[in-house]
Amino acid sequence: MIEEAGGNALDRWREQLEAWAIPEEIMERAPESPWGFPVGMFRAKADQARRREPTPSNLEARRFLGEGGIVLDVGAGGGAASLPLAGGAGRIVAVDESAGMIETFLAAATAAGIQATAVRGRWPDVAPEVDSADVVVCNDVLYNVQDLAPFALALTDHARRRVVVQITGSHPLVPMGPLWRRFHGLDRPAGPTADDAVDALGAIGLQVERLDWTTDSAGSFEDLDDLVAFMRRRLCLPASQDPEIAEALEPLTVHEAGGYRLGPMDRPVVTLSWPGTAT
């Protein structure tokens with residue numbers, strides 16, 4: 001029964017993420033790929049993370065890192081998960097698929113005065129190339145991972161002390177639901193959620209501790225036009241519809257210190273952590 005329940009939790013996670021696939025007829029009309037993120041947004045997010053007070057995820061990582069410990073940041077982006085640990089970390093190793101993200105991370109690490117290296121590639125494919133660390137951090141990545149078991153187990157196998165994962169309370173594209181209905185008449189999924197992540201991680205035997213909190217800083221665009229352009233790509237629409245997209249975004253957008261993003265202003269965030277198994 002445990003094995004069956006575990007399979008159900010992992011299957012439910014995978015099926016909910018598969019439901020986010022964009023219908024083929026919409027993709028065929030897309031002027032450009034809807035996937036990916038602008039490097040500038042991740043650079044700004046990392047800069048904001050270094051300046052603000054430590055988040056619950058930062059504090060959990062620090063609790064296990066110790067002085068001079070090694071941090072592995074999987075799906076590092078600009079380093080928002082790991083660079084706030086620079087004061088205590090002896091070295092940070094970043095893994096990311098994007099050459100631009102790695103370049104941004106290494107530049108930020110140099111500016112922060114922290115020793116850093118990077119491995120370009122997809123996790124867990126590149127896991128054999130990466131040494132173990134005292135703490136493994138992974139922010140805002142799980143909702144991109146359909147096959148959660150090997151991904152999470154590879155994180156665990158690379159952490160000597162702790163894995164610290166941060167995700168939003170629900171899939172980050174849920175706030176785009178009204179836009180998909182307006183422009184394509186398409187209803188989008190409501191999940192998965194952090195609850196589903198906890199169930200799926202527990203199904204593979206991980207002893208997950210959970211902390212729920214909120215943030216008013218969740219990755220913004222400095223300029224409203226940049227947010228419109230990003231949403232246009234996500235929605236597979238041409239640039240000629242930018243004025244209509246801007247109009248549709250008006251009631252959905254919040255303006256925070258870092259710029260513009262989809263609301264709500266206070267976004268639920270969840271920190272998940274569990275013991276590592278590396279020696």
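**Backbone geometry, aromatic pairs and overall dimensions**

Pro124 is found in the loop between strand S3 (115–120) and strand S4, where helices (H or I, at least four residues) and strands (E, at least two) are DSSP runs numbered from the N terminus. A cis peptide bond joins Trp123 to Pro124, with omega at about 10°. The structure is a predicted model, in which local features need pLDDT of at least 70 and side-chain atom pairs count only at pLDDT 80 or more, whereas totals for chains, interfaces and linings use all residues. Residues are numbered from 1 along each chain as its sequence is written, and side-chain values use heavy atoms, with hydrogens and water left out.

A cis peptide bond also runs from Gly191 to Pro192, with omega near 5°. Pro192 is placed in the loop between helix H7 (177–184) and helix H8 (194–203). Most peptide bonds are trans, and most residues other than glycine have a negative phi. Asp140, although not a glycine, has a positive phi of about 55°. The loop between S4 and H6 holds Asp140. At a relative accessibility of 34%, Asp140 counts as partly exposed; buried means under 20% relative accessible area, exposed over 50%, and partly exposed in between (1.4 Å probe, protein chains only). A positive phi, near 60°, is likewise found at Cys236, a residue other than glycine. Cys236 lies in the loop between helix H9 (224–234) and helix H10 (242–249). With a relative accessible area of 5%, Cys236 is buried.

Two aromatic pairs are present in the structure. Rings of Phe, Tyr and Trp (its six-membered ring) pair if their centres lie within 6.5 Å; planes under 30 degrees apart count as stacked, over 60 as edge-to-face and the rest as tilted. The ring centres of Trp13 and Tyr143 are 5.7 Å apart and their planes meet at 20°, so this pair is stacked. Distant parts of the chain are linked by the pair, since Trp13 belongs to helix H1 (residues 2–18) and Tyr143 to the loop between strand S4 (133–139) and helix H6 (148–157), 130 residues apart. Both Trp13 and Tyr143 are buried. The aromatic pair of Phe221 and Phe230 is tilted, with 5.2 Å from centre to centre and 40° between the planes. Phe221 is buried at a relative accessible area of 7%, and Phe230 is also buried, at 6% relative accessibility.

Helix H6 is mostly covered, with seven of its 10 residues buried. These buried residues are Leu148, Ala149, Phe151, Ala152, Ala154, Leu155 and Thr156. Pro150, which is also placed in H6, is partly exposed, having a relative accessible area of 35%. In sequence, Pro150 and Pro84 are separated by 66 residues, and their C-alpha atoms are 27 Å apart in space. Gly205 lies in the loop between H8 and strand S6 (209–215). The relative accessible area of Gly205 is 48%, and this residue is therefore partly exposed. A C-alpha to C-alpha distance of 19 Å separates Gly205 from Val270, which are 65 residues apart in sequence.

For the protein as a whole, the secondary structure comes to 10 helices and nine strands. The C-alpha atoms fill a box of roughly 55 × 50 × 30 Å, taken along the principal axes. The radius of gyration is 19 Å, which agrees with the value near 19 Å for a compact globule of 279 residues; this quantity is taken over C-alpha atoms, and the globule rule is 2.2 Å times the number of residues to the power 0.38. Of the 279 residues, 50% are buried. Among contacts (heavy atoms within 4.5 Å) with a separation of 6 or more, 75% are between residues 24 or more positions apart.

The accessible surface of the protein, from the Shrake-Rupley method with a 1.4 Å probe (for residues, only the protein chains shown count as cover), comes to about 12900 Å². Carbon and sulfur atoms account for 50% of this surface. The protein carries 25 positive and 41 negative side chains, with Lys and Arg counted as positive, Asp and Glu as negative, and His and the chain ends not counted. The centres of the two sets lie 4 Å apart, each charge being placed at NZ of Lys, CZ of Arg, CG of Asp or CD of Glu.
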